[in-house]
Number of protein chains: 4
Amino acid sequence: MYSFKNDYSEGAHPKILNTLLETNQEQDEGYGLDRYSKKAIERIKEKIGSENADIHFISGGTQTNIIAISAFLRPHEAAIAVSSGHILGHETGAIEATGHKILSVEGKDGKLSPSDLQGVLDIHPDEHMVKPKLVYISNSTEIGSIYSKSELQELHNFCQRNQLILYMDGARLGSALCSEENDLQLSDLPTLVDAFYIGGTKNGALIGEALVICRESLKEDFRYHIKQKGALLAKGRLMGIQFLELFRDNLFFDLAIHANKLAGRIRNELEKANVKFLTHSPSNQIFPILLNAVITELQTKYAFHIWEKVDSDSSAIRLVTSWATKEGEVNSLIADLKKLL
Amino acid sequence: MYSFKNDYSEGAHPKILNTLLETNQEQDEGYGLDRYSKKAIERIKEKIGSENADIHFISGGTQTNIIAISAFLRPHEAAIAVSSGHILGHETGAIEATGHKILSVEGKDGKLSPSDLQGVLDIHPDEHMVKPKLVYISNSTEIGSIYSKSELQELHNFCQRNQLILYMDGARLGSALCSEENDLQLSDLPTLVDAFYIGGTKNGALIGEALVICRESLKEDFRYHIKQKGALLAKGRLMGIQFLELFRDNLFFDLAIHANKLAGRIRNELEKANVKFLTHSPSNQIFPILLNAVITELQTKYAFHIWEKVDSDSSAIRLVTSWATKEGEVNSLIADLKKLL
Amino acid sequence: MYSFKNDYSEGAHPKILNTLLETNQEQDEGYGLDRYSKKAIERIKEKIGSENADIHFISGGTQTNIIAISAFLRPHEAAIAVSSGHILGHETGAIEATGHKILSVEGKDGKLSPSDLQGVLDIHPDEHMVKPKLVYISNSTEIGSIYSKSELQELHNFCQRNQLILYMDGARLGSALCSEENDLQLSDLPTLVDAFYIGGTKNGALIGEALVICRESLKEDFRYHIKQKGALLAKGRLMGIQFLELFRDNLFFDLAIHANKLAGRIRNELEKANVKFLTHSPSNQIFPILLNAVITELQTKYAFHIWEKVDSDSSAIRLVTSWATKEGEVNSLIADLKKLL
Amino acid sequence: MYSFKNDYSEGAHPKILNTLLETNQEQDEGYGLDRYSKKAIERIKEKIGSENADIHFISGGTQTNIIAISAFLRPHEAAIAVSSGHILGHETGAIEATGHKILSVEGKDGKLSPSDLQGVLDIHPDEHMVKPKLVYISNSTEIGSIYSKSELQELHNFCQRNQLILYMDGARLGSALCSEENDLQLSDLPTLVDAFYIGGTKNGALIGEALVICRESLKEDFRYHIKQKGALLAKGRLMGIQFLELFRDNLFFDLAIHANKLAGRIRNELEKANVKFLTHSPSNQIFPILLNAVITELQTKYAFHIWEKVDSDSSAIRLVTSWATKEGEVNSLIADLKKLL
């Protein structure tokens, strides 16, 4: 049974494992102060075109969100997120566990707009309510949509005007930036958001996300927060080496392109067959709506998540491709689907 | 410059990396539900001789302490630790950050005794003070000492009588259990402590500790706590595979024996040369007291921590060996020391 | 300008102040262990018909909610509240500040039903989400509605079946229980909810709510939680004396009847004049919908909150009566309103 | 049995109760925005000689410490307190419950000095430890000693040089400032500390402390923190009226002088009788060392705390006087003591 359930079913890209092997016996500093982490940070700074950014490697997405958001906010300040935001419903209240409320906004296509934010500010006038302070967005979003440069620019401008912090969850940033519909570049981010992270776990690494802090005032003492949350790995080289490989050349982007290409192929074939989709997603996650009978049949050969019920006869499923997805399996899936439709 | 600074300067044991390589392309479940994590848990249950223990893999020691202690305690309850305890001074207030006070006790040789605990209970009679509830010990301790079976039995009995939770930090449990002076067995622990962890990071793994929860009442919903703290790794297989290798046969113990043997050799040679030690440590950390002039000379060829000033002319240094320490380097160190003494 | 803004604009009922005066010079124990607090607890136990309830006096409603909810829940557990719930939008994230998420439900008329709760449980299946555990309701609600005995019985049964804790915020419990439409008795509560509080601040006291804990498992060590949150007043007698007066005879109910009677009179007169209301509220808060021109005129003589915009020409205002509201002022308000309508 | 156990055994000074009575029926704004709170703030600003200070009334000392310290610190920052400090041992871990570690220092006579602070800074060099940030002192201290102006000036200078926040717990500030040995004035404090509170509860009020924030950067959004901790009382007038009375003229100081005078009388008489004291305390708390037999006899007529065992035959007791202590009872106590000595 081949799985399209997610983009973290396999290990890491072979190049990464090879470097782990080659460097294994070398002695180096602990806690992220090793030469590989330092080199990786330099490479990322070049790629994002920002010498002044602070970069920290953290094991996973929820961990990164916890540390960044709790470090950026004061006790009475809250985060704003779209209702489908990962921190709202899929992190076991991790942000609230650090003391901060998350204000949920309906949004559109899994994305936030200035008018959504204005609506939140309007109903939080004084000290009887939390103070909205950080805007959490993800790119690509939980439902596969992506932010255009102009959409992000508008959010940036609104946040600047209203003293809000704009934070981007980039668990699937690679897929977003490599989408055919994308007009953003990695080097645009330091000027458009206050902090963001580059997801490694879902794009070829064993573990690790690279948090990039762009706004000066958010950088101070950051390693204290990582350590206090138990996330300062003794063998930080493990993450340094992975990111060094991902950004030594263009591996990070090549892997995302592979994932997007295969997801796009499935999407195109299904569109030709007039299959409808729950949402427009030009990234590595797609949500076709299929008859329940078809889904049941498909489940005998492939693993995937049933995302939500659409009507009594049909449901939307989630198909996810990754850097490791095999072209042959995608072709089989398409062929099988065509037979069933 | 060869380093005796710590036991996490190198990568992982080759067997572990090989298995990571061999299994790399296999698809498997995420979040620790993969077949390797499950097998590793079974193997550990056999080694500790307890079918009913709950076992969870967590990336590092501080992370494990945070999750376990905050999950085990209610808001008004406190932990008790010896003054040199890792959670007290070297985790950036991580436990307090979860809301819990740590009560510091002087102790002896880095260890706690029932009389130390009684002293704490005596001065915490009512609701104007925290309620002492969890006893934190580490084996081996921060200063290399180890608990004898009878010492641990006495702590266990006292905790039972006083409704206290006994928790053992096992970051260096391998070294403790493989010490020539040790009379404890891994399979004794489930009956002597309520929870403990088996340290992987400092004994041959890239990352990972295996938390073992023995007391029934502490097991409920534990995965919620791991996730809420951001520690449920998407690719949990990374830890499962490592612990499977460490406990497939006796690798975990073989590595600790290697580290202890080399530390013991240095200790013996220094003792012959009448060097005094800050503390008696029959494990992989030793603390010889040397003249500052000797230390300065030694620093030109070896890296290590200066632990504390002893008097105007001499200081205690910390020498740590590990699974990866090279016998040849130990011999050179000994030879160089003899010349200097 | 007379105020109908809220039910805490005046001081305390004279009987309360007189007793404060009479007992002022007596020496007594601190921290709520004084004879008055003890007597007050006994009187309340008689009134609620439960010898086994644990009763604690706490300065205000938000403080009580914070202490009770954070004491009742484990770190990964969440509260469920109706979208208009006070803890959700009007306590500055106080519950989240203790680490717990609040799950918002639309509800109906400011109230929750078993189907609302079932909906929440359905979408919280595993450790990737918080664990819904405590059901927060208020009676009367933020919009003046009240729970019938059968509605509460159904919630109770659902919570029992699903291991949920049912907690009632009684900031305006007096008004709810004295509503003409009410069929609940104070003595019904210990068998229908796990914990609730009797609001003093909004019903004639200077400060103080009486938290009543009915479920055995929620009582342990509760005074530790009060102290840890800074709410164990040195001169607890201040609250004991107030509640003793409120419950010595029927003062608590008499005051609520007075408030309800006057609110009812306004409501009846406005209904006669065909004024519509935002919601049906048989308690001391009413929400008539008036033309904006009428509201502007009214504001020249009376203080009140404009609750929400209804359409371009009209808005709903909130009129609140209390134990201290003067009958004459109510008559003037009615007369002025009639002129304006 | 007359009590010398503490300074909160009685109610409030009659002047305060009278004003509560006189103003009881007036309608006013809630949450501390009433005219009495505003007037009280103006009066206190005059007394401390600082127009720019921010002043907030909070119900009690622990509550004030919780709100101030958690608002002033970032998550990784810690407080420093002398080992006898109230926040360390007598607030049920309230500060830790907000996430902050308290670093304990031995100190001298219940007081901290720059060298104590330097010692803490020296052993907290990096992100593996908390970052010491706030210095907590109390005046008078838990053992009745007071800070001289020069001692406070030195602490102030040290804190300025090391970017530390100096916070003074003034639960018994009245007694400290009215001590015969005191050379500090209330108006010195705004220039010597960053924040402090003026204790009302232990100096004639029913409840209430006045937190004074002097440093500009600590003032922002402070009311959010008060509300979030459940301490923004609906009827804030209760505290405003009390502080208005305490500072309308010199009532606050007159009451402290009364308490000190009676404690001084006991101290002098005991000194004449060659009784030794545990510590030098020129305020309203004294700690004479008496034979256990004498203590037992004394307990038949007076209530007081036995502070600590001194040797097998004798112990130190704590005698506390207050604004309400009766001169006649003090004379009886002295007479009885003389008989027993």
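1. Chain C and chain B bury about 2100 Å² between them, with carbon and sulfur atoms giving 48% of that area. Buried area here is the accessible area (1.4 Å probe) that two parts lose on being put together, summed over both. The contact involves 22 residues of chain C and 22 residues of chain B, where contact means heavy atoms within 4.5 Å.

2. On provenance: this is a predicted model, in which local features need pLDDT of at least 70 and side-chain atom pairs count only at pLDDT 80 or more, while totals for chains, interfaces and linings use all residues. Residues are numbered from 1 along each chain as its sequence is written, chains are lettered from A and ligands numbered from 1 in the order in which they are written, and side-chain values use heavy atoms, with hydrogens and water left out.

3. Between chain C and chain B there are 6 salt bridges, a salt bridge being a side-chain nitrogen of Lys or Arg within 4 Å of a carboxyl oxygen of Asp or Glu. One pairs the side chains of C:Arg74 and B:Glu220, at 4.0 Å from N to O.

4. On the side of chain C that touches chain B, α3 (61-72) and α10 (222-228) of chain C each supply at least two residues. The largest share, 5 residues, comes from α10(C). Helices (H or I, at least four residues) and strands (E, at least two) are DSSP runs, numbered from the N terminus. By class, this side of chain C has 8 nonpolar, 6 polar and 8 charged residues. The classes are: Ala, Val, Leu, Ile, Met, Phe, Trp, Tyr, Cys and Pro nonpolar; Asp, Glu, Lys and Arg charged; the others, Gly among them, polar.

5. What does the interface of chain B and chain A bury? The area is about 4100 Å², and carbon and sulfur atoms give 53% of it. Chain B and chain A put 49 residues each into the contact. The salt bridge count between these chains is 2; A:Glu29 forms one with B:Lys5, with the closest N and O atoms 3.1 Å apart. Polar contacts across this interface come to 28 residue pairs, both at pLDDT 80 or more.

6. Several elements give two or more residues to the side of chain B that touches chain A, including β1 (2-3), α3 (61-72) and α11 (237-248) of chain B. The most comes from α1(B), with 4 residues. This side of chain B divides into 21 nonpolar, 18 polar and 10 charged residues.

7. Over all chains, the structure has 48 aromatic pairs. Rings of Phe, Tyr and Trp (its six-membered ring) pair if their centres lie within 6.5 Å; planes under 30 degrees apart count as stacked, over 60 as edge-to-face and the rest as tilted. B:Tyr2 and B:Phe4 are edge-to-face, because their ring centres are 5.3 Å apart and their planes at 70 degrees. B:Phe247 and B:Phe252 are stacked, with centres 4.8 Å apart and planes at 25 degrees. Both B:Phe247 and B:Phe252 are buried, meaning under 20% relative accessible area, with exposed over 50% and partly exposed in between (1.4 Å probe, protein chains only).

8. Is A:Asp194 buried or exposed? A:Asp194 is buried, at 8% relative accessibility. The residue sits in the loop between α9 (189-192) and β7 (195-199) of chain A, and its side chain makes a polar contact of 3.1 Å with that of A:Arg215.

9. A:His128, in the loop between α6 (114-122) and β5 (131-138) of chain A, is buried with a relative accessible area of 15%. Leaving aside neighbours within four places in sequence, A:His128 is in contact with residues including C:His90, C:Glu91, D:Tyr31 and D:Lys227.

10. B:Glu327 lies in helix α14 (residues 327-340) of chain B and is partly exposed, at 34% relative accessible area. The side chains of B:Glu327 and B:Arg265 are joined by a polar contact of 2.8 Å.

Methods:
A polar contact is a pair of N or O atoms within 3.5 Å; within protein, one must be able to donate a hydrogen and the other to accept it, and residues adjacent in sequence count only if both atoms are side-chain atoms.
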